[in-house]
Amino acid sequence: MQKVRVRFAPSPTGPLHIGGARSVLFNYLYAKGHGGTLILRIEDTDLERSKREYEEGIKNSLRWLGLTWDEGIDVGGPYEPYRQTERLELYHQYAQKLIEAGHAYECFCTEEELEEQREICRQKGELPRYLNRCRNLSPAEKKKLAEDRKSVIRFLVPEGQVVEIDDVVRGQVRYETDGIGDFIIIKSDGIPTYNYAVVIDDAQMEVTHIIRGEEHLSNTPRQVLLYKALGIDPPVFAHVSLILGKDRSKMSKRHGDTSVDEYKKKGYLPEAINNFLALMGWSPEGEEEIFSMEQLISLFSLDRVAKNPAVFDLEKLNHINGYYIRNSSIEMITKMAVPYLQEAGYIKGNLTEADEKWLQGVISVARNYISYMAEIVDHVDVYFNDRFIITDDAALQALKGDQVPAVLDLLQQKLNNELQLTPDRVKELLKEVAAELSLGGKKVFLPIRAALTGAARGPELHDLIPLLGAERVAARIKHSLGQI
RNA sequence: GGCCCGUUGGUCAAGCGGUUAAGACACCGGCCUUUCACGCCGGUAACAGGGGUUCGAAUCCCCUACGGGUCACCA
């Protein structure tokens, strides 16, 4: 059995897209699960749109997701270089071979002439395409044309043939070559086109499995034709269906956040994103859906990849992310929260060890309320802000009860007598207050909550009070009572 | 438009000729909690339509409809 070699080959024309992330994930899982190699190759042959900063961005997103590559850009390997614009010579060598073998030829048609040909097609009611004008130019004609015209190299598509693709996820797919025009493999500026460069690279880098998005399925016959002309066996293809937006069209900006980086900024966990993405287009055998990367690696297989496209469901991502936020170590989640709290002005400067410990207490309660880290700032005011203004009507009313002064007094007394306030201990104290005053819960808990937070809803009092301490409790009670 | 791929609850999906058609998210109800959230338990909800094949079709075949992809000197 041949050693598995897969690749992710993005064009650096934008940040890493959620769909692209799913593609790398599948390649990564397949490689790791088979002791194989994942290659990262940069397809930057679109000189207009490719930018180094995008390449950096994509690499950063990949590293953040933990989808590391074994070979390719930055890490090197036996088939360097891994950036297509640095591999031009290779493409020209093979193009020359294809020409010599009669599989490719130079074409001198100008833009105007191509437009004429398209017009002819349109008038005949056919689809506009290239009419193979330059297929059989004589050496003399070529020489003459070459004097004042640039040329491209076209692949000569054989007529009347059928190309069969055995796709691991889609089964056997057939295409007739007559529907494919002679396509350009080297542009007039000497840069190869995608369909050509991808084949040369995958062949030369000995890629064994191509796992990519379904949008490439229609391109595959061209690539297979190229493999044949080169005398190389094509790799195994696995075309994974697309990720769609809510309206079932290809996911784009208007569907919300589409780049991995945006999710990172909002405070999603890479583990959660990988877990979620793995579930888009692939399904495990059992009923469990939460998986660590190790589990995904051992579970993933191409024959459980679905044929139908999947609509991106942000609610489910949020659910999975929320699960990870609640179940990851509190130290890590707290560290993650700090930047958001700083930005919102809740914390400034460096944290002492005691601050950090206290913050962990806050976060361990507040994390029950959020789906992604940026939301944390909406749930921590109650721990930081002692000078709240009571606007909640229910809270205001609750503080006006006759029993309120006695309740609050007794609570403070009890808190002051404790050396160490723990949630369990506070729970007991609250019960004692109710019992000793012979009052129902509503007359005790609601006023206390109102006095301490200014609101009728919020975290458990036994979680809140230990985090505030007796002094701040006293201060808040005073502050609140002053407002009625 | 040609070619290609697809169509199971609102969404992700299991199913690969015989099932009470899983599970997850969302939604609804209950429990826990004298609040909210978390958590736990339960519920509503689906085989696009029409023809075949078969004793029997969500599963196999054909047609229709719908959705998507692709047909560039973009990738």
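This is a predicted model: local features need pLDDT of at least 70, side-chain atom pairs count only at pLDDT 80 or more; totals for chains, interfaces and linings use all residues.
How many residues line the largest pocket, and which of them lie nearest its centre? Residues are numbered from 1 along each chain as its sequence is written, chains are lettered from A and ligands numbered from 1 in the order in which they are written, and side-chain values use heavy atoms, leaving out hydrogens and water.

**Figure 1. The protein around RNA strand B.** Of the RNA atoms within 4 Å of the protein, 70% belong to sugar or phosphate and the rest to bases.

**Figure 2. Polar contacts with RNA strand B (pairs of N or O atoms within 3.5 Å).** Lys187 puts a polar side-chain atom 2.7 Å from a phosphate oxygen. For Arg248, a side-chain N or O atom sits 3.4 Å from a phosphate oxygen. Gly441 uses its backbone instead: an N or O atom there lies 2.3 Å from a base oxygen.

**Figure 3. Inside the largest pocket.** Back to the opening question: 38 residues line this pocket, and Pro10, Ser11, Thr13, Glu215 and His216 lie nearest its centre. A pocket is an open set of points on a 1 Å grid over the protein atoms alone, where a 1.4 Å probe fits, with protein on both sides within 12 Å along at least five of seven lines; lining residues have an atom within 4 Å of a point.

How values were computed. A residue is near a molecule or strand if one of its heavy atoms lies within 4 Å of it. A polar contact is a pair of N or O atoms within 3.5 Å; within protein, one must be able to donate a hydrogen and the other to accept it, and residues adjacent in sequence count only if both atoms are side-chain atoms.
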